[in-house]
Amino acid sequence: MATQKQIQLAKRPEGMPSDEHFNFVETEVPSPNTGEVLLKTLYLTVDPYMRGRMTDAKSYVAPFQLDEPIDGGVIAEVIETQSEKFNKGDIVIGHLGWQEYSVAAEDNLRKIDPEAAPVSTHLGVLGMPGLTAYFGLLDIGQPKEGETVVVSGAAGAVGSVVGQIAKIKGCRVVGIAGSDEKVQYLTNTLGFDEGINYKTSNVYEALKSACPDGIDVYYENVGGEIGDAAFSLLNKFARIPVCGAISSYNKTEKDLGPRVQTKLIKSSALMQGFVVNDFAKRFQEGAEALGKWVKEGQLTYEETIVEGFERIPEAFIGLFEGKNLGKQIVKVAEPDIAVLPHN
Ligand SMILES: NC(=O)c1ccc[n+]([C@@H]2O[C@H](COP(=O)([O-])OP(=O)(O)OC[C@H]3O[C@@H](n4cnc5c(N)ncnc54)[C@H](OP(=O)(O)O)[C@@H]3O)[C@@H](O)[C@H]2O)c1
């Protein structure tokens, strides 16, 4: 019987996750039944939201179970099929375990075209992070030409797309990120108007000078003191899509800061939290728009690809250390049959 490696949640972290929270387990490669396929994992995504699933607090997604495989978005190749919908060599995306091989029901998979774009982009700019940027900025942020949009976590998967869409919409865009290299990437490669390194500057002062007309949209990815600084510069009727608060995900004590109520009242600002799945019915629209902008060269992207199944925990932990530029992805294996022209 063939065996494979799988990563299970060994322990619930308090604070920053580390190797002890992940368990590498040898399991049997499963066999597909009717309506199912056997998949070889090619690429998988590690995302900040997975940190929330490692705790057992009630949230919008169920927690990972102890001694069960961690799961998330995976690009895989069909290597055995009991399904009429899929052939051997098809490339699919699905929500699967952190393991080298998986069996999945045909209805839980979507075929993707490896000719159209690198398959890994379906985990980044053309996938969940891209859609998060698209709907959070356009539906909640409602940016208008000439307005100032500030985005935190700006050099990451979501933030880099937010800023570029805001530029497409004719806004002044200021990005906040954690290194000079990232700031240069924002301004030199992505066309942001200004970038701020939050680790080396007073964010409030830097924002004040980068946003002489105040802030109309603050796209929140990070929270904490960076959010506090942006809240002090809101214009009348500003909008604040609250996408994430990564600065608090590994905190062990309560994350208290300046209260926002008076700032919202004074600016008549609208602050709205969301999860990307709130827009699930419109994913097709978002994917088409993102795909068109990428094709036209209006939207560019970066992927930080770590190679090797063993390095999945390292890639995940790296998200909280700012190791990634653009989307963090893990390349697990080459396909057996398919040819991936772009990867
Ligand atoms: N609401 C939703 O449906 C939804 C969907 C996807 C993502 N999100 C949220 O959106 C945010 C960005 O996600 P992503 O997938 O695009 O991740 P990402 O930005 O590609 O990666 C995480 C980045 O966060 C920054 N970071 C880490 N710890 C930080 C801290 N303590 N303070 C400030 N910055 C820190 C790091 O960049 P630096 O080098 O700049 O520090 C790191 O590269 C996260 O908060 C995530 O939870 C929400």
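## Close-up views of the model

Glutamine 4 is buried, with a relative accessible area of 2%; buried means under 20% relative accessible area, exposed over 50% and partly exposed in between, with a 1.4 Å probe and protein chains only. The model is predicted, and local features need pLDDT of at least 70, side-chain atom pairs count only at pLDDT 80 or more, and totals for chains, interfaces and linings use all residues. Residues are numbered from 1 along each chain as its sequence is written, and side-chain values use heavy atoms, with hydrogens and water left out.

**View 1. Glutamine 4 in strand β1 (residues 3-9).** Helices (H or I, at least four residues) and strands (E, at least two) are DSSP runs, numbered from the N terminus. The side chain of glutamine 4 reaches the backbone nitrogen of tyrosine 101 at 2.6 Å. This is a polar contact, that is, a pair of N or O atoms within 3.5 Å; within protein, one must be able to donate a hydrogen and the other to accept it, and residues adjacent in sequence count only if both atoms are side-chain atoms. Neighbours within four places in sequence aside, glutamine 4 is in contact (heavy atoms within 4.5 Å) with Val25, Glu26, Thr27, Glu28, Val29, Pro30, Gln99, Glu100 and Tyr101.

**View 2. Phenylalanine 22 and tryptophan 98, an aromatic pair.** The whole structure holds 12 aromatic pairs (rings of Phe, Tyr and Trp, the last by its six-membered ring, with centres within 6.5 Å; planes under 30 degrees apart count as stacked, over 60 as edge-to-face and the rest as tilted). The rings of phenylalanine 22 and tryptophan 98 are stacked, at 6.4 Å centre to centre and with 20° between the planes. Phenylalanine 22 belongs to strand β2 (residues 22-28) and tryptophan 98 to the loop between β5 (91-97) and β6 (101-105), so the pair ties together parts that are 76 residues apart in sequence. Both phenylalanine 22 and tryptophan 98 are buried.

**View 3. Tyrosine 134 and phenylalanine 135, an edge-to-face aromatic pair.** The ring centres of tyrosine 134 and phenylalanine 135 are 4.9 Å apart, with 85° between the planes. Tyrosine 134 is buried at a relative accessible area of 8%, and phenylalanine 135 is buried at 0%. Together with Tyr219, Phe274, Phe279, Phe283 and Trp293, Tyr134 and Phe135 form one aromatic cluster.

**View 4. Helix α2 and the residue that follows.** Of the 14 residues of α2, 12 are buried, so the helix is largely enclosed by the rest of the structure. Among the buried residues are Pro129, Leu131, Ala133, Leu137 and Ile140. Just after α2, glutamine 142 takes a positive phi of about 45°, although glutamine 142 is a residue other than glycine. Glutamine 142 lies in the loop between α2 and β8 (148-152) and is partly exposed, at 40% relative accessible area.

View 5. Valine 158 places a backbone N or O atom 2.8 Å from an oxygen atom of the ligand. A polar side-chain atom lies 2.5 Å from a ligand oxygen atom in the case of tyrosine 198, and 2.6 Å from a ligand oxygen atom in the case of asparagine 324. Taken alone the ligand exposes 900 Å², of which the protein buries 92%; accessible areas come from the Shrake-Rupley method with a 1.4 Å probe, and for residues only the protein chains shown count as cover.

**View 6. Lysine 236 over the face of phenylalanine 237.** Lysine 236 lies 5.5 Å from the ring centre of phenylalanine 237. A charge sits over a ring if NZ of Lys or CZ of Arg is within 6 Å of the ring centre and within 35 degrees of the ring normal.

**View 7. Serine 268 in the loop between α7 (261-267) and β13 (270-273).** Serine 268 has a positive phi of about 50° although it is not a glycine. Serine 268 is partly exposed, with a relative accessible area of 29%.

**View 8. Glutamate 302 in the loop between α8 (283-296) and β14 (303-307).** Glutamate 302 is partly exposed at 34% relative accessibility. Glutamate 302 and leucine 325 stand 23 residues apart in sequence and 6.5 Å apart in space, C-alpha to C-alpha. Not counting residues up to four places away in sequence, glutamate 302 touches Tyr185, Leu325, Gly326 and Lys327.
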